[in-house]
Amino acid sequence: MKTKIIFLIASVGILIGLVSAYIYNKRISALPPVHVEKNPYEAGLYATGIIESYQTNGENINIFPDVSGRVTQIFVKDGQSVKKSEPLLKIDDTQQKNITQQAYASVQAALAYLNELKAQPRKETLEVAKAQLEYAAAQLKSAKNQWGKVEKAYNLNPNSVSKNTYDTTKDAYETAKANCQVALKQYDLTKAGAWIYDIQNAQSQYEAALKSYLANKALLDKYTVRAPVNGVVLKVATAVGSYVSPSGSYGTYTQGYGPVVALGNIEKEMEVRCYVDEILVPRLPKPQDMIATAFIRGTDKKIPLEFVSLQPYTTPKIELSNQRTEQVDVRVLPIVFKFRVPKDLTIYPGMLVDVYIGEKK
């Protein structure tokens with residue numbers, strides 16, 4: 001009985017093994033091959049390209065904020081056309097707004113003090129100085145008359161005036177004369193107004209405060225990120241509540257930092273930036289003799305390209321993968337072509353295309 005059970009288990013195991021071997025060794029029909037376009041040029045060179053919006057100065061416009069903070073508002077969406085200086089998004093500016101308001105108050109205080117100095121002498125202050133001068137002059141006149149009487153009596157009969165009275169009256173006259181001189185100088189000083197050096201110092205303080213305010217105001221304006229040129233929003237890579245900085249915004253999927261907004265021009269013309277392997281560079285035609293055709297992947301559509309520029313510097317082949325840390329040995333030469341967007345074809349920046357580069361006959 002025990003032998004039969006063992007024999008049965010072994011038979012089942014062999015059967016399972018045969019079925020498994022059949023399943024895993026069964027041939028699976030291959031998928032139909034991807035359609036590959038034929039090289040349209042004799043001895044044409046192949047390159048991989050990426051579609052970009054056409055800019056006269058190069059790639060798509062990648063926008064990074066000049067300040068850091070949380071995004072509080074986003075004014076645009078993907079695919080929206082924008083004008084130059086139109087707001088794209090706003091960063092929390094509460095702290096900078098308070099600093100700017102404080103700087104503005106300092107400007108107002110410095111200006112008020114400067115105007116106060118320039119407005120001197122104050123009418124009321126000058127009237128007080130004038131009254132003090134008039135009072136000192138009256139005191140001087142009285143002391144002078146008293147001294148004149150004592151001096152005249154002394155000259156007629158020295159014994160008619162005591163020594164103490166003579167000296168006291170004379171001292172009172174001299175004191176009144178000195179007080180009158182002081183009151184006159186004080187009046188002249190008040191009438192002359194503020195010292196020129198005080199005005200210059202106040203002027204410098206006002207200008208410094210004004211520059212500080214303008215600098216803070218300019219920084220406050222940067223908390224609203226605006227479009228540098230007319231264009232189309234290709235991508236908004238942030239959200240309300242996200243933190244952004246001059247390094248850009250952190251991508252959840254890319255695990256890296258990139259531009260918060262990408263602008264381009266996709267209305268009439270676009271460009272293809274292709275990368276030619278360095279081993280093919282010696283076989284490239286001269287720039288003025290280049291012709292090229294781009295094939296849209298997944299279709300039988302092809303687009304004639306017009307040469308725009310060639311960057312005369314080979315770089316590591318990392319552009320299309322965006323792996324900035326990978327070690328590569330192959331270098332490529334970037335070449336830019338442009339084309340008019342076909343009306344019957346839907347294409348967007350970022351799409352990969354196959355490019356063949358030939359030579360004009």
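Student: Is Ser85 buried, partly exposed or exposed?

Tutor: This is a predicted model, where local features need pLDDT of at least 70, side-chain atom pairs count only at pLDDT 80 or more, and totals for chains, interfaces and linings use all residues. Residues are numbered from 1 along each chain as its sequence is written, and side-chain values use heavy atoms, without hydrogens and water. Buried means under 20% relative accessible area, exposed over 50%, partly exposed in between (1.4 Å probe, protein chains only). Ser85 has 42% relative accessibility, so Ser85 counts as partly exposed.

Student: What is phi of Ser85 near?

Tutor: Most residues other than glycine have a negative phi. Ser85 lies in the loop between S4 and strand S5 (87–91); helices (H or I, at least four residues) and strands (E, at least two) are DSSP runs, numbered from the N terminus. Its phi is positive, near 75 degrees.

Student: How does Ala43 count, buried or exposed?

Tutor: Ala43 sits in the loop between helix H1 (2–24) and strand S1 (45–53). Phi of Ala43 is also positive, near 60 degrees. The relative accessibility of Ala43 is 63%, so Ala43 counts as exposed.

Student: Which residue in S7 stands opposite Val82?

Tutor: Two strands pair if DSSP finds at least two bridges between them. S4 and strand S7 (residues 231–236) run antiparallel, joined by two bridges. Opposite Val82 stands Gly231.

Student: Where is Pro121 found?

Tutor: The peptide bond from Gln120 to Pro121 is cis, with omega near 5 degrees. Most peptide bonds are trans. Pro121 is in the loop between helix H2 (94–119) and H3.
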